[in-house]
Amino acid sequence: IGLEQSSSMLQGFGVRVSAGNSEGYGIPCPATILTLVVELERVASNPSSLALHFTSVTSPDDRGAIVSGYFVEWSTSDSFDSGIVFNATLSADSIYSERLSSYNGRDKLFNYYLIEELTPGVEYFVRVSAVNEAGTGHSSRSTPLALAPGSKPTDLDNQVTVTRVVADTTVSVMESSSTLRVSWRVPFSDNGFVISGYLIEYWVSNGVNEVQEISLQSPSGSPAQGTFT
């Protein structure tokens with residue numbers, strides 16, 4: 001199709017296609033708009049960040065003008081018109097990704113961007129658009145559609161204590177000799193996700209488990225009473 005247009009017009013041409021037969025033409029379908037592959041991941045070492053991987057736009061998908069950058073938006077609102085909305089314009093030369101083009105059979109060059117200073121546990125929606133000299137293209141949404149940054153809770157360093165259970169009127173000698181009391185403080189931070197439980201591990205030595213019974217009697221033959229060491 002030979003099309004001519006003034007260089008001052010940046011919108012380009014609108015295209016749609018209809019199938020026809022002897023009875024006429026069907027419902028028109030617009031031309032396919034290029035969609036970027038946008039993937040969102042948590043960062044294990046940073047509970048307030050999300051890692052963004054997205055494919056590059058190259059010829060002929062760049063519509064005849066080299067893509068110079070990408071426009072990234074993230075928001076707490078699915079519609080991007082309310083809540084907290086942020087954006088960043090990225091140079092195509094500064095977002096190199098070490099992800100191989102063969103990843104998941106995409107056969108595409110990937111870009112990488114780290115979205116930082118987010119609130120752990122809060123879901124964010126992300127979309128990306130390619131930018132060339134004609135302007136900003138249509139945005140592509142991420143997979144998954146929304147994701148909350150966060151990671152495992154902070155460590156319990158120096159917060160765990162182990163003590164013996166002393167026998168008394170409520171605890172028998174048998175219970176006291178075979179029980180330890182473990183206590184700890186809650187983690188400094190849950191890093192965005194409510195703590196659902198605790199994992200307690202303990203190690204048992206290779207010693208011999210045994211119970212010694214000692215029978216004591218007084219000189220008169222009656223059971224001995226008192227405290228013995």
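Student: What share of the contacts between residues at least 6 apart join residues at least 24 apart in sequence?
Tutor: In this predicted model, the share is 56%.

Student: How many helices and strands are there?
Tutor: One helix and 14 strands.

Student: And how much of the protein is buried?
Tutor: Of its 229 residues, 24% count as buried.

Student: Where's the largest nonpolar core, then?
Tutor: That core has 22 residues. Leu 52, Phe 54, Tyr 70, Trp 74, Tyr 113 and Val 128 have the most contacts inside it.

Student: Which elements give two or more residues to it?
Tutor: Strands S5 (38–42), S6 (50–55), S7 (69–75), S8 (85–91), S9 (110–115) and S10 (124–132). S10 gives the most, with four residues.

Student: Let's zoom in on Phe 54. What is it in contact with, leaving aside neighbours within four places in sequence?
Tutor: Its partners include Leu 36, Val 37 and Val 38. Tyr 70, Leu 90, Ile 95 and Val 128 are also among them.

Student: Which residues make the nonpolar surface patch?
Tutor: Val 160, Val 162, Leu 180, Val 182, Trp 184, Val 186, Tyr 198 and Ile 200. The patch covers about 760 Å².

Student: Which strands supply at least two of its residues each?
Tutor: S13 (160–164) and S14 (180–184). The largest share, three residues, comes from S14.

Student: New topic: the backbone. Which peptide bond is cis?
Tutor: The one from Thr 143 to Pro 144, with omega near -5 degrees. Pro 144 is in strand S12, residues 140–147.

Student: What's the phi of Glu 117?
Tutor: Positive, about 60 degrees, although Glu 117 is not a glycine. Most residues other than glycine have a negative phi.

Student: Where is Glu 117, and is it buried or exposed?
Tutor: Glu 117 lies in the loop between S9 and S10. At 79% relative accessibility, it counts as exposed.

Student: And Asn 191, what's its phi?
Tutor: Near 55 degrees, so a positive value in a non-glycine residue. Asn 191 is in the segment after S14. It counts as buried, at 11% relative accessibility.

Definitions and conventions. Residues numbered from 1 in each chain as written. Predicted model: local features only at pLDDT ≥ 70, side-chain atom pairs only at ≥ 80, totals over all residues. Heavy atoms only, no water. Core = buried A, V, L, I, M, F, W, Y, C linked by side-chain atoms within 4.5 Å. Buried < 20%, exposed > 50% of the residue type's maximum accessible area, 1.4 Å probe, protein only. Contact = heavy atoms within 4.5 Å. Patch = residues over 30% accessible without salt bridge, like charges linked within 9 Å, V, L, I, M, F, W, Y side chains within 5 Å. Areas by Shrake-Rupley, 256 points an atom, 1.4 Å probe, with all protein chains shown as cover. Salt bridge = Lys/Arg side-chain N within 4 Å of Asp/Glu carboxyl O.
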